[in-house]
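Here are some notes to read alongside the structure. Take the points one at a time and find each place in the picture as you go.

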Amino acid sequence: MDFEQLDQTLRAAAADFRLDNEERFELREIGAQSEIEQIRRLRNTAFAIAREQIQAQPAQALTVLRWLEQVVKTLDLSATAAAAGHSAFFAPGDSCVRKLRELCANSRRQLDICVFTLADDRLSDAVIEAHRRGVQVRIITDNDKRFDNGSDVERLAHAGIEIRLDTGPAHMHHKFALFDARLLANGSFNWTRSASHVNDENLVVSEDAYLVRCFGGQFDLLWNRYARPA
């Protein structure tokens, strides 16, 4: 955990006495990856910043205290999520992309991706890098999105990653991924630039073994059903 960077992030948020959505989601993401002792340290840092701001600008004390309350509530939610093995991320903003890239980077054995469309180079780069490290990567996607403008399906296939396509009249509309058969990422979030930049989207990451088994079984069912691209 880079506490110097976090200190700068908190100070930047405190500069305008507000915690916007992007800052809140970034803080939740950091908190979700932290141990309880680390979260306590983050909370103490926020209190220290609040004291400095109040001493410097006493007239803004109430506004600073409201900012501090938001920070503490966000960190407490992160601690609860970390203990439960679940975390949530939202778009617009890059929190979903950052989390997915982190999960790809931390994968060691197996990465199963089942998404309607893949068109964000930041995510495709992370998937290809995992493949190059020796992670077994399998991708299921919809054939109607294969040749969309900006689609990375051909690029991923040329990198040597095995891909299966739904060629039926309906859509394969799932958006989930499994990491080392241990973590599930699932939600409305498509792996596209528009999902990060303009859409209202969600991504839930879970360690729940039952959900991982359910989604893993669904992935294998679709993998065996769908065809390899020509």
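Helices here are DSSP runs of H or I with at least four residues, numbered from the N terminus. Please keep in mind that this is a predicted model.

1. Let's begin with Ala46, which sits in helix α3, residues 36–56. Is Ala46 buried or exposed? Ala46 counts as buried because its relative accessibility is 0%, and the cut-off for buried is under 20%.

2. Now look at what surrounds Ala46. Leaving out residues up to four places away in sequence, Ala46 touches Leu10, Trp67, Leu68 and Val71.

3. On the α5 side, the contact is made by Val97, Leu100, Arg101 and Cys104; on the α6 side, by Arg122, Leu123, Asp125, Ala126, Val127 and Ala130. Sorted by class, this contact has seven nonpolar residues, three charged residues and no polar ones.

4. Move on to Arg164, found in strand β5, residues 162–166. With a relative accessible area of 8%, Arg164 is buried. Which residues is Arg164 in contact with, leaving aside its neighbours within four places in sequence? They are Ile139, Ile140, Thr141, Trp223, Asn224, Tyr226, Ala227 and Arg228.

5. Helix α9 (residues 209–225) lets you check a length for yourself. At 1.5 Å a residue, its 17 residues should span 24 Å, and the end C-alpha atoms are 24 Å apart, so the two values agree.

6. Stay with α9 and look at its sides. The buried residues of α9 are Val212, Gly216, Phe219, Leu222 and Trp223. Seen down the axis of α9, these buried residues fall within an arc of 130 degrees, which means that they line one face of the helix. The face turned away from that buried side carries the exposed residues Tyr210, Arg213, Asn224 and Arg225.

7. Finally, what do the buried residues of α9 pack against? Their partners are the strands β2 (110–115), β4 (136–142), β5, β6 (175–179), β7 (183–186) and β9 (201–206).

Notes:
Residues numbered from 1 in each chain as written. Predicted model: local features only at pLDDT ≥ 70, side-chain atom pairs only at ≥ 80, totals over all residues. Heavy atoms only, no water. Contact = heavy atoms within 4.5 Å. Helix = DSSP H or I, 4+ residues; strand = E, 2+ residues; numbered from the N terminus. Nonpolar A, V, L, I, M, F, W, Y, C, P; charged D, E, K, R; others polar. Buried < 20%, exposed > 50% of the residue type's maximum accessible area, 1.4 Å probe, protein only. Expected span 1.5 Å × (residues − 1). Arc of directions from axis to C-beta.
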